[in-house]
Amino acid sequence: MLTSVMIQPPRRGIDPVFPPVAMSWQRIDAWLAKHAPRALSELRPPASKQSIKEAEERLGFLLPADLVESLLCHDGDTSLLGVLPCRRLYSVVEIIEIREMRMDIWEPDDPDQAETPWWGTRWVPFAGSDGDEQFIDAGPGLWHNHLGDAGHADQAYFLGWPSLGSWLHETAESMAHHDKPSWFGAVPRPKVDNEGRTDWWD
């Protein structure tokens, strides 16, 4: 599961500055190539711009910019548990399929949605497994671009990450400091198993 962090919602008009998503992915790919080649091989090639355009037409709105940039680096992953410290990253096709499944099940008129939301109109899943999804809020408002976690049976909640780019940057940082026990960041330091896969959890 993607780790939550204690980051307050941003004040309106103020956007945190993080490196471009592609730069974070370059760092992640380089670290995986050196330390966890099996995990690197489980990342899919880049998605095509045409597939992203078709997905947005089907959605009826634009995908978050950071997600688009990430998909142009890797169209999800084929791992069982996830290459990065989240659930398995979704491809463009899976993003659409999972969101449509969620929208079919979701009951927006349920009064419980106001207090304990299960899903949202503009939430876009980017990773998940077994019906539990990590999502980006593509809608307007205070939580625009923030990452959240939506279980298959529990209420959803925001994780504190202001964007996918901020989380990928911190993931790259944790990789860079993987051999420094004294370093503590917002993302746990990765380990590598005997088969060259990443292991983010004790």
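Predicted model: local features only at pLDDT ≥ 70, side-chain atom pairs only at ≥ 80, totals over all residues.
Phe 158 is partly exposed, at a relative accessible area of 24%.

**Tilted pair: Phe 126 and Trp 167**

- The ring centres of Phe 126 and Trp 167 are 6.4 Å apart and their planes meet at 55 degrees, so this pair is tilted.
- Phe 126 counts as buried, its relative accessibility being 2%.
- Trp 167 is buried as well, with a relative accessible area of 1%.

**Stacked pair: Trp 143 and Phe 158**

- Trp 143 and Phe 158 form a stacked aromatic pair, with 4.6 Å from centre to centre and 10 degrees between the planes.
- This pair also links distant parts of the chain, 15 residues apart: Trp 143 lies in the loop between β3 (132-137) and β4 (147-150), and Phe 158 lies in strand β5 (residues 157-158).
- Trp 143 has a relative accessibility of 28% and therefore counts as partly exposed.
- Phe 158 has a relative accessible area of 24%, which lies between the limits of 20% and 50%, so Phe 158 is partly exposed.

**Cluster and charge over a ring**

- One aromatic cluster is formed by Trp 119, Trp 123, Phe 135, Trp 143 and Phe 158.
- The charged end of Arg 102 sits over the ring of Trp 118, at 4.1 Å from the centre of that ring.

Key:
Residues numbered from 1 in each chain as written. Heavy atoms only, no water. Phe/Tyr/Trp six-rings, centres within 6.5 Å; stacked < 30°, edge-to-face > 60°. Buried < 20%, exposed > 50% of the residue type's maximum accessible area, 1.4 Å probe, protein only. Helix = DSSP H or I, 4+ residues; strand = E, 2+ residues; numbered from the N terminus. Lys NZ or Arg CZ within 6 Å of the ring centre and 35° of its normal.
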